[in-house]
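Work through the exercises below with the model open. Try each task before reading its solution.

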Amino acid sequence: MSRLPKVQLRRLLMHAVVRLLVREIARREGCSERAVKYSLARARRRMRALLTDGD
């Protein structure tokens, strides 16, 4: 997980562990929901690649 950019990791943890909605993450971070969704998608792709490739 340390291979993810800090913003992506933070947003992924807020969404997956704390179970915050995208709307709430965006509000807390002062950004758009679109930016949060983009970060989450990139984080998921990166995590998937790390878990399957062992990179």
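## Exercise 1: a loop residue

R19 lies in the loop between α1 and α2. The model is predicted: local features need pLDDT of at least 70, side-chain atom pairs count only at pLDDT 80 or more, and totals for chains, interfaces and linings use all residues. Residues are numbered from 1 along each chain as its sequence is written, and side-chain values use heavy atoms, with hydrogens and water left out.

Task: decide whether R19 is buried or exposed, and state its phi.

Solution. 
- Step 1. Set the cut-offs: buried means under 20% relative accessible area, exposed over 50%, partly exposed in between (1.4 Å probe, protein chains only).
- Step 2. R19 has a relative accessible area of 64%, so it is exposed.
- Step 3. Phi of R19 is near 65°, a positive value in a residue other than glycine. Most residues other than glycine have a negative phi.

## Exercise 2: α1 against α2

Task: find the angle between α1 and α2, and classify it.

Solution. 
- Step 1. Take helix α1 as residues 6-16 and helix α2 as residues 22-29. Helices are DSSP runs (H or I, at least four residues), numbered from the N terminus.
- Step 2. Their axes are 10 Å apart, at an angle of about 135°. Axes are lines fitted to C-alpha atoms over the stretch in contact, and angles run from 0 to 180 degrees between N-to-C directions.
- Step 3. Under 35 degrees counts as roughly parallel, over 145 as roughly antiparallel, 65 to 115 as roughly perpendicular and the rest as oblique. The pair α1 and α2 is therefore oblique.
- Step 4. List the contact (heavy atoms within 4.5 Å): R10, R11, M14 and H15 of α1 meet V22, I25 and E29 of α2.

## Exercise 3: α1 against α3

Solution. 
- Step 1. The angle is about 95°, and the axes are 9 Å apart.
- Step 2. Leaving out residues up to four places away in sequence, Q8 touches S39, R42 and A43.

Notes:
Helix = DSSP H or I, 4+ residues; strand = E, 2+ residues; numbered from the N terminus.
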